[in-house]
Amino acid sequence: TVDLCYIDPPFNSKRTYNQIYNNVGTEDRAQSQAFIDTWTWDDRAIEGYQEILDNGAGKFTKQTIELIKGLHNVLGNSSLLAYLVSMTLRITEIQRVLKPTGSFYLHCDPTANHYLKLVLDSIFCVGKGEYLSEIVWRRTTAHGNAKQGSKKFEVNFDTIFLYSKGDNYTFNTVY
């Protein structure tokens with residue numbers, strides 16, 4: 001088992017990200033697709049949803065199962081629910097492998113952070129785990145996510161949630 005886990009997963013941004021390669025000395029800028037951050041309610045999402053509801057291995061809390069059912073009632077068979085099901089499967093496994101003194105950091109953005117906090121609460125806070133802190137990471141510039149003429153503000157922050165597996169967790173202060 002591990003003492004600390006930090007993840008910076010895809011954010012369900014509904015974007016395709018590319019890796020740009022600079023060819024030094026030429027004007028050619030080649031790029032290739034790095035990953036697609038778009039989720040769909042497909043067979044994979046349905047299998048994950050069913051795994052949570054069936055709870056055959058007994059790894060999901062009653063609260064997590066009820067939360068996912070409730071989110072399905074609210075969100076339907078949506079891309080957001082597919083993302084949340086995927087994250088629930090992963091966070092549950094991370095919580096399982098943490099030492100009793102372990103802590104977990106989840107880096108997310110405003111796309112789904114309010115839903116992810118509920119998922120985290122249903123996994124960590126049911127037992128001896130605790131919600132410890134919300135770190136707001138403010139960028140000096142936005143990522144251009146509000147196009148010119150857009151009727152919304154630019155997003156210039158991310159959130160990092162901190163949870164512990166137990167009440168006797170290890171915390172190292174950085175000076």
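Here is a short exchange about this predicted model.

Me: Happy to look at this with you; what should I know about the numbering and the confidence limits?
Reply: Residues are numbered from 1 along each chain as its sequence is written, and side-chain values use heavy atoms, with hydrogens and water left out. In this predicted model, local features need pLDDT of at least 70, side-chain atom pairs count only at pLDDT 80 or more, and totals for chains, interfaces and linings use all residues.

Me: Is Thr88 buried or exposed?
Reply: Thr88 sits in helix H3, residues 79-97. Buried means under 20% relative accessible area, exposed over 50%, and partly exposed in between, with a 1.4 Å probe and protein chains only. The relative accessible area of Thr88 is 0%, so Thr88 is buried.

Me: Which residues does Thr88 touch, leaving aside those up to four places away in sequence?
Reply: Contact means heavy atoms within 4.5 Å. By that rule, and not counting residues up to four places away in sequence, Thr88 touches Ile52, Phe60, Thr64, Ile68, Val119 and Ile123.

Me: How are H2 and H4 oriented to each other, roughly parallel or roughly antiparallel?
Reply: Two packed helices are described by the angle between their axes and the distance between the axes. The axes here are lines fitted to C-alpha atoms over the stretch in contact, with angles from 0 to 180 degrees between N-to-C directions; those of H2 (residues 62-75) and H4 (residues 113-124) come within 8 Å and cross at roughly 155°. Angles under 35 degrees count as roughly parallel, over 145 as roughly antiparallel, 65 to 115 as roughly perpendicular and the rest as oblique. Therefore H2 and H4 are roughly antiparallel.

Me: Which residues of H2 and H4 make that contact?
Reply: From H4 come Tyr115, Leu118, Val119, Ser122 and Ile123. The H2 side supplies Gln63, Thr64, Leu67, Leu71 and Leu75.

Me: One last thing: how many disulfides does a search of the whole structure find?
Reply: Cys108 is buried at 2% relative accessibility, whereas Cys125 is partly exposed at 33%. A disulfide is a pair of cysteine sulfur atoms within 2.5 Å. Across the whole structure, the number of disulfides found is 0.

Methods: Helix = DSSP H or I, 4+ residues; strand = E, 2+ residues; numbered from the N terminus.
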